[in-house]
Amino acid sequence: MVKKAIDKDDPTELPWRREWKPGDSIMPINHYTGRPYSGCNILNCWVSSKTKGFESNRWLTFNQIKTHGYQLIGKKGDECRQATPILFFSPEDVDKSTGEVTRHAMYKIYNVFNTEQVVGLNVEQEADYDHDPASIGDAIKIPKALGVKLAGGEPSFNLLTDTIKMPDLNRFTTPEAFMTTLAHECVHSTGHKKRLDRDMTGRFGDEKYAFEELIAELGAAFIAAEWGLSYRLENHAAYLNSWL
């Protein structure tokens with residue numbers, strides 16, 4: 001097999017670059033106690049995060065939400081408020097002097113919620129850069145005009161909640177990287193049924209999913225050109241080429 005050399009003058013030959021710092025560990029923990037979950041509870045939280053698009057690894061009980069004065073997003077009965085069940089195991093107690101079992105082992109099921117399901121609960125992350133928020137003013141106008149909610153997390157658009165997730169500005173290498181990434185997610189949001197109603201039923205790896213990614217990245221390239229942001233053309237081309 002002959003290995004092809006990369007042509008640095010051809011943007012389609014260059015690998016796509018992530019221009020923001022990834023989020024924290026994915027090991028599920030309780031938001032307030034910091035205690036990590038174990039056993040099948042890790043899998044339960046992972047599956048829930050994958051199916052619902054959560055990026056946060058922090059979870060809390062309904063009592064913790066109420067105690068700290070927060071409330072769940074959406075309205076009662078909405079799918080976005082659905083809880084994730086976890087198992088709590090309480091081992092049996094044995095009197096060491098007599099060997100008598102004073103309390104038998106018990107399993108209890110508790111419902112927990114991701115921090116992204118809680119109104120106003122933002123998990124602070126350490127900043128890596130110090131960008132001026134005023135420099136992204138044009139970009140922030142787009143989700144507002146579309147009526148799309150903004151939340152923290154890895155860049156993504158959640159079709160179920162009509163929400164765009166974005167890392168904090170200061171996790172991006174440049175303000176321009178933030179703007180073009182947000183533009184990509186905003187173009188995704190135009191496919192929602194209350195906007196252009198595109199077919200967004202694709203799964204990662206199939207043609208529908210790839211087609212939607214091409215739409216979003218081409219749209220982001222057009223928006224970046226309107227803003228005069230040409231520095232990222234190579235990254236646009238590399239991303240488009242990967243989905244082609």
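In which sense, parallel or antiparallel, do β7 and strand β9 pair, and over how many bridges? Before selecting anything, keep in mind that this is a predicted model.

Begin with β7 and with strand β9, residues 163–166, which pair in the parallel sense over 4 bridges. With both strands displayed, pick Gly152 and look across to β9, where Met166 stands opposite. Then widen the selection to the open sheet, in which 3 strands follow the order β7-β9-β8 and the pairing is mixed. The strands at the edges are β7 (149–152) and β8 (156–158), and each has a single partner strand, so one side of each is left without a neighbour in the sheet. If you view the sheet along its strands, the twist to look for averages 30° from one strand to the next.

Next, select helix α1, residues 40–52, and within that helix pick Ser48. Ser48 is buried, with a relative accessible area of 6%, and, leaving aside residues up to four places away in sequence, Ser48 touches Gly53, Phe54, Trp59 and Thr84. Step to Val47, which also lies in helix α1 but is exposed, with a relative accessible area of 53%.

A search of the whole structure finds 5 aromatic pairs, and Phe54 with Trp59 forms one that is edge-to-face, at 5.9 Å centre to centre and with 80° between the planes. Phe54 counts as buried because its relative accessibility, 12%, is under the 20% cut-off, and Trp59 likewise counts as buried, at 1% relative accessibility.

Finish at helix α5, which takes in residues 207–227. At the start of α5, show the side chain of Asp206, one oxygen of which reaches to within 3.4 Å of the backbone nitrogen of Lys208. The 21 residues of α5 should span 30 Å at 1.5 Å a residue, and the end C-alpha atoms are 30 Å apart, which agrees with that expectation. Moving along the helix, colour the buried residues, among them Ala210, Glu212, Glu213, Leu214 and Ala224.

Conventions: Residues numbered from 1 in each chain as written. Predicted model: local features only at pLDDT ≥ 70, side-chain atom pairs only at ≥ 80, totals over all residues. Heavy atoms only, no water. Helix = DSSP H or I, 4+ residues; strand = E, 2+ residues; numbered from the N terminus. Buried < 20%, exposed > 50% of the residue type's maximum accessible area, 1.4 Å probe, protein only. Contact = heavy atoms within 4.5 Å. Pairing = 2+ DSSP bridges. Axes fitted to C-alpha atoms, helices over the stretch in contact; angles between N-to-C directions. Expected span 1.5 Å × (residues − 1). Polar contact = N/O pair within 3.5 Å; in protein donor to acceptor, adjacent residues only side chain to side chain. Phe/Tyr/Trp six-rings, centres within 6.5 Å; stacked < 30°, edge-to-face > 60°.
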